[in-house]
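Welcome, and thanks for taking a look at this one. Please have the sequence and the coordinates open while you read.

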Amino acid sequence: MPLRIGIDTGGTFTDLVVADGDRVHAAVKSLTTHGDLPRGTLNALAKAGVDGGEVERVVHGTTVALNAILTRRGAEVGLVTTMGYRDLLDMGRAWRPWEDALIDPRWRRPHELRPIIERHRRRTVPERVRADGETVVALDEDHLLAEVEKLVADGCESIAICFMHSYKHPGHEQRAAALVRERFPQLSVSTSADIAPFPREYSRFCTCVLNAYAQPLMDTYTAELEARLKESGYTAPLMFMTNDGGLIAPEQATARPVTTLNSGPVGGVMGAEMYARRLGIPNLVGFDMGGTSTDVAVVADGRASTERELELEHDLIAGIPVLEIHSIGAGGGSIASLDAAGGLNVGPESAGSNPGPACYGHGGTLPTVTDAFLLLGMLDPKVALGGEIPPDVDAAERAYAALGDQLGTTAGDLAKAVTEVAIHNMAEAVRQLTVYRGSDPREFALLAYGAAGPLVATQVARTLHMPRVVIPALAGVFSAFGLLGAKVFEEEVIPVMQTATDELAAEVFGRLREAGARLGTSAGLADVHLEFRLDGMYAGQRSELEALVDPTHADPLAHIREMFDAAHRRQFGYTLPADVFISTVRVRAVEAAAHEVLPTELSAREEGRPKGARDIVIGGDPHEAVPVYEVAALAPGQRIAGPAVVEASSYTAVIGDGDVAEINSVGDILVDVREA
Amino acid sequence: MFPQPTEPTVAEPLEAVDSDCPTCGAAAVFAYRVVDYRGWLRVTKCRSCLHVLDSRRIRPPSRSGVA
Amino acid sequence: MTVQQESTRTTAALSAQEVQARYGIDLTAAEVLRHALRYIALQMQQKVNAAALSPLLSEMNDFGIGLLAPRDEARDLDFDAIAMSTGAPAHFVINQYYARTAIEHWGAENFEPGDVVIYNDPYRGGSHVNDIGAVMPIFHDGRLLGFAASITHWLDIGGPIPTGFGPGLQRDVFAEGIRLSPRLLYKRGELVEETVELFTVQTRIPEMSANDLQVIKAALQVGVDMVGHYVERYGVDAYLGAVEYTLDYSERAVRQALLEIPDGTYEAEDHLDNDSAGEPMLLKCTVRKYGSEIEIDFSGSAREDWNGYACQWSDTVSAAHLGLQAIFLDSVPPNAGAYRPVHVVAPPGSCFHALPPMSTNSGHLFFLVKSTTLVKMALSKAHPRFAVGENYDDICIISFSGVDNRSATPSPFVFIRFPLGPFGGHALGDGCSYMPIEEGNAVETSIEFEEEAFPLLFLEREFVTDTAGAGKHRGGPATRVLLAPLVDAESTYQLEQCRFPTKGEFGGGGGSMASIRLHEGGLARWSRGEELAEPQVVAGFADPADGSPADPDDERAEFRISKLAGVRFAAGDVVAFQVAGAGGYGPADQRDPEAVRRDVRNEIVSAAAANRLYGVDLGGPTSEGEA
């Protein structure tokens with residue numbers, strides 16, 4: 001059968017999963033080669049031993065655009081904007097970050113400290129349209145071209161064109177873009193209405209600027225990658241994963257790199273949706289604990305929740321729909337420290353990968369969460385970390401002893417405290433998306449993946465009274481696995497910006513049906529199904545929520561109310577008796593083909609025995625000689641009572657006291673979690 | 001109701017206290033009103049080292065809009 | 001994420017044994033609960049953000065919400081604030097007075113599970129009538145374990161002025177709006193309709209009020225439930241021990257921070273542009289710092305004045321704490337422990353301590369920031385590392401109300417906006433160009449949304465060249481907003497620093513003065529791309545002959561007061577609202593020439609000013625700036 005490949009290029013590792021039909025064929029990890037990313041990708045392909053001729057599709061999750069923005073290594077970019085609006089980027093949305101800078105008079109926003117476009121490259125042009133579309137000032141085309149001329153002379157290679165109300169009235173932006181492209185064909189041009197056709201000028205303009213900033217680099221990257229893949233015999237279509245779980249061709253990824261910013265972690269969320277379907281567990285919390293951060297996502301009723309924007313740094317945002325991932329600065333590399341008043345903090349500072357945790361032996365002396373895991377026995381001191389680094393237990397011990405001295409406590413006790421605090425921080429992240437939305441975590445299972453997710457999963461679940469934990473077979477390369485579940489789609493956005501009435505609802509539904517018919521045929525997909533979304537809010541509220549709607553419904557207004565109320569209740573836990581204000585509506589043509597993928601079947605026929613044992617502290621309590629199992633040696637249906645450790649090549653899972661784990665036929669571990 | 005003060009600026013009246021500060025020895029001890037984290041106090045306090053010799057919880061001077 | 005590889009600096013940490021001995025819980029539980037209490041307050045805040053209809057609550061975060069400790073004499077707890085949300089810092093401290101006075105008035109023994117008591121009397125430890133206070137008791141097995149408490153700014157609270165801000169129009173407190181002594185909003189979980197009706201009948205926002213009152217209860221309930229969850233899990237004694245621990249933690253943090261400030265007596269002086277009669281109001285502050293104690297004394301400040309020119313002592317105290325916290329180099333989690341080392345002297349009858357029947361609605365905005373600024377100014381003198389140049393120093397307002405009669409169905413509207421501005425330079429770098437004063441932390445409303453909802457145009461919102469206070473580290477530039485109402489409208493405006501420039505520190509220069517100017521019928525010219533005509537001064541110094549802008553040093557110049565309500569503008573007028581530039585830090589001749597060049601390139605500083613102020617010669621004035 002033709003093979004499909006999912007490739008996730010992460011910060012440290014490039015993960016690759018190959019599917020043969022609906023079955024995983026191979027899964028490998030290879031080091032990411034920064035500075036020459038395609039090489040790492042090809043290394044991974046070689047490691048997987050796949051014949052290019054057999055591949056029908058390559059799905060790629062990458063953080064190229066994201067990293068370019070975060071490290072400020074994007075293009076030389078200029079902004080052309082409505083007169084009077086030159087300084088939006090330096091104004092942001094005015095507020096300071098809640099956590100660190102709430103009343104800090106010395107704070108400066110990220111764009112001021114590390115600008116993407118300095119003021120001299122932000123040029124205004126005479127043009128102004130009102131909310132109702134009336135032109136107050138016509139676009140001064142000569143002035144526009146003169147400004148772009150200056151930007152080009154100053155070295156700009158990419159231009160963002162951002163005008164007020166353009167998402168509703170794109171005429172001026174379109175005209176400006178046409179003129180600029182004609183006169184300066186070498187320039188990359190991004191217009192805000194095209195990139196983020198939604199209201200809110202700062203959000204839209206910022207998104208457009210980020211797009212312009214990342215575009216040339218994305219262009220180079222995709223061209224390079226396609227060429228190198230072709231050279232190595234991989235001629236199958238290369239597709240990129242988007243922020244909201246879709247797939248786009250390289251040309252689209254190049255035109256709209258902002259849609260790929262979060263494509264790495266999004267793979268994990270797609271994987272969670274696949275598991276919800278396959279295991280028949282409609283409510284899952286996706287829990288990805290990595291080196292620097294823990295990402296949490298929620299699948300409710302089988303569907304991942306979505307958000308209206310992606311925050312890269314404070315007020316550096318992409319204002320486009322994304323799968324919702326809540327990220328906290330708590331990961332394996334998080335550093336434990338004492339503040340001036342003696343408070344114990346875990347993160348957000350991280351030891352990163354250089355020097356990394358003390359136990360990496362690369363010169364790190366500060367105690368991290370990974371060091372704690374090692375000292376508590378959760379990680380095997382005899383096994384290389386990430387398959388590459390032999391752990392230096394003494395270094396971890398020294399780091400914890402140094403901090404422990406300041407508290408009059410032993411290294412071991414401090415490691416327990418740090419782990420406990422870290423677990424509570426992570427539990428809080430889960431609460432953000434559940435409890436505080438009116439969802440009861442007792443109705444959810446915790447799906448844990450990433451480098452460290454399976455290590456803490458049962459403890460996090462117990463803290464939240466979640467009854468089940470699922471550790472997927474490919475937990476260590478889960479994002480790459482999830483990429484295989486993504487589908488191609490095309491979307492069209494229609495601005496509305498009015499309160500729903502019977503008349504408006506009928507009109508909007510008419511437009512949606514018409515757009516759906518058009519998109520269904522033009523999308524170029526063999527077999528599509530149409531999805532219709534409404535982005536709205538209760539009249540008086542200020543941020544949109546997405547609701548699926550059926551534009552063929554006989555009573556449009558009642559249907560909108562019903563669907564929006566349900567979406568609001570799901571997201572926030574309640575409804576309001578107010579009218580519904582419709583910001584935009586969207587129609588999406590999604591490829592209909594299913595992409596379910598199962599991991600490989602376990603081969604053992606008899607129950608596997610432990611391969612060893614070690615002492616472990618779990619939940620603050622010491623346990624001697626806890627049995628350690630190898631996943632590959634277990635038989636389908638085998639049950640293991642905690643305390644126990646289950647190890648695979650790319651992850652380690654800790655089963656707690658009283659927990660009962662069951663392995664299914666494809667190596668997923670389902671744990672019934674003992675009540676706290 | 002209270003009348004508007006007649007002087008253009010207002011200062012808290014300080015009642016001079018005869019003893020020197022038992023902590024720092026300065027002749028800077030006064031009795032006056034302060035607000036701490038729980039409300040109004042009449043303190044006897046050294047204005048040099050901020051040592052509090054005596055402290056009594058009192059009602060806010062502007063108690064209630066009704067009286 | 002940066003890596004710190006130096007060893008951690010010395011801390012005042014308690015040992016694990018000390019924690020166990022003092023609080024009866026182990027260090028891990030103490031730390032877990034300390035973090036948890038903060039999270040609970042944050043979640044309560046998010047509940048309000050998500051559910052409230054009032055944009056002041058959902059977007060501007062003009063509220064505070066959190067948890068109060070129980071009364072337990074042995075543990076020295078007396079309904080003290082344990083954790084307050086990160087809503088708007090102006091509201092952090094005040095519940096020590098506002099909520100606790102209401103609890104005392106109601107009687108702690110009179111609360112029952114499911115009760116919510118609300119109140120809004122500024123003279124009971126409050127701020128202004130718009131701020132609605134609410135408390136909900138936390139019970140466990142019949143024992144009162146504290147309260148969930150909130151203070152929320154209501155968009156309209158009745159009275160003669162929509163939104164309640166009417167400088168010059170509200171002579172005394174009786175002209176403000178409805179004033180509620182503590183009463184039940186919910187009785188044992190049931191909504192008390194008569195209380196809701198006070199809002200639906202008396203205010204201009206009945207539906208919004210009805211909804212948001214219920215949202216407040218839901219948010220308080222989150223706090224009550226979450227505390228219950230932790231008490232179930234850890235036990236009552238552990239919870240109480242953790243509460244003591246949490247308060248002591250913040251107290252330790254503040255005392256550590258105070259020790260780093262050199263002992264001494266520090267004075268500061270500022271002004272409010274005008275009182276009711278148009279005369280400047282002198283504002284003074286003397287800060288005495290010794291060891292880990294501090295006293296902030298506002299003696300010598302102007303007397304209270306009618307028509308809103310005074311604020312509540314509780315506001316003054318809250319703002320003084322903010323000033324202190326702002327000066328600290330590291331933030332401290334706000335709770336009652338953090339407030340313990342501070343004494344504030346607020347002389348009754350001064351503008352910082354209104355006595356009945358003074359109106360304090362407008363004064364709440366006028367003096368809150370001044371109080372914070374005075375403390376920052378005073379402590380800036382303690383040592384350069386603490387110094388910050390003066391920011392735009394105001395909670396300014398521009399509002400338009402009227403009837404939008406452009407369509408078939410005329411509809412009344414009230415538009416209000418709080419323009420923001422720059423912060424001052426300091427030892428670490430230049431001041432931020434644009435953010436709210438420390439009292440608030442609003443996410444700014446989208447202009448596109450405003451233009452959908454209101455008959456006006458935002459023509460401009462940009463930085464202004466040559467307004468930043470000069471310095472080694474300059475202040476941020478002023479922002480100017482051009483607003484054009486599309487229908488005739490009545491306006492209220494409040495703006496500070498129109499009479500005196502902002503101040504720099506340690507040789508830094510002051511920023512430009514603020515002003516409000518009117519270009520009558522200016523929209524037509526603006527639309528045609530023409531220069532706007534010479535404006536009339538609305539607030540600031542004017543030539544009495546023709547109202548054109550005048551030099552403050554010109555003897556003939558008259559000062560037009562910067563706080564007024566009921567001012568009429570015509571459709572098509574252009575109102576130019578410009579906040580102050582911020583003060584700089586350090587002598588200008590010490591500024592890095594490369595930074596000056598960048599400022600010129602970016603048109604923050606003109607080439608001429610670069611030469612004059614910074615001594616950097618860029619080859620003559622240019623209009624574009626060099627690349």
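The sections below go through one chain, two interfaces and one residue.

## Chain B: fold and dimensions

A word before the details: this is a predicted model. Chain B is built from strands, five of them, with zero helices. Read from the N terminus, its elements follow the order β-β-β-β-β.

How does the chain compare with a compact globule of 67 residues? Such a globule would have a radius of gyration near 11 Å, whereas chain B has 14 Å. Its C-alpha trace spans about 45 × 30 × 15 Å along the principal axes. If you like contact order, here is a related figure: among the contacts in chain B between residues at least 6 apart in sequence, 20% join residues at least 24 apart.

Of the 67 residues in chain B, 43% count as buried. The accessible surface of this chain comes to about 3500 Å², and carbon and sulfur atoms account for 54% of that.

The area buried between the two chains is about 3400 Å², with 55% of it from carbon and sulfur atoms. On the chain C side, R303(C), H343(C) and P356(C) supply 19% of the area that chain C buries against chain B, more than any other three residues.

The size of an interface is often given as the accessible area lost when the parts come together. For chain A and chain C that figure is about 8500 Å², 54% of it on carbon and sulfur atoms. From chain A, I103(A), R106(A) and R542(A) supply 10% of the area that chain A buries against chain C, more than any other three residues. In terms of contacts, 95 residues of chain A touch 107 residues of chain C.

## A closer look at T191(A)

Is T191(A) buried or exposed? This residue sits in strand β10 of chain A, which covers residues 188-191. With a relative accessible area of 9%, T191(A) falls under the 20% cut-off, so T191(A) counts as buried. Leaving aside residues up to four places away in sequence, T191(A) touches I161(A), E173(A), A177(A) and C208(A).

Key: Residues numbered from 1 in each chain as written. Chains lettered and ligands numbered in written order. Predicted model: local features only at pLDDT ≥ 70, side-chain atom pairs only at ≥ 80, totals over all residues. Heavy atoms only, no water. Helix = DSSP H or I, 4+ residues; strand = E, 2+ residues; numbered from the N terminus. Rg over C-alpha atoms; globule rule 2.2 N^0.38 Å. Buried < 20%, exposed > 50% of the residue type's maximum accessible area, 1.4 Å probe, protein only. Contact = heavy atoms within 4.5 Å. Areas by Shrake-Rupley, 256 points an atom, 1.4 Å probe, with all protein chains shown as cover. Buried area = accessible area lost by both parts, 1.4 Å probe.
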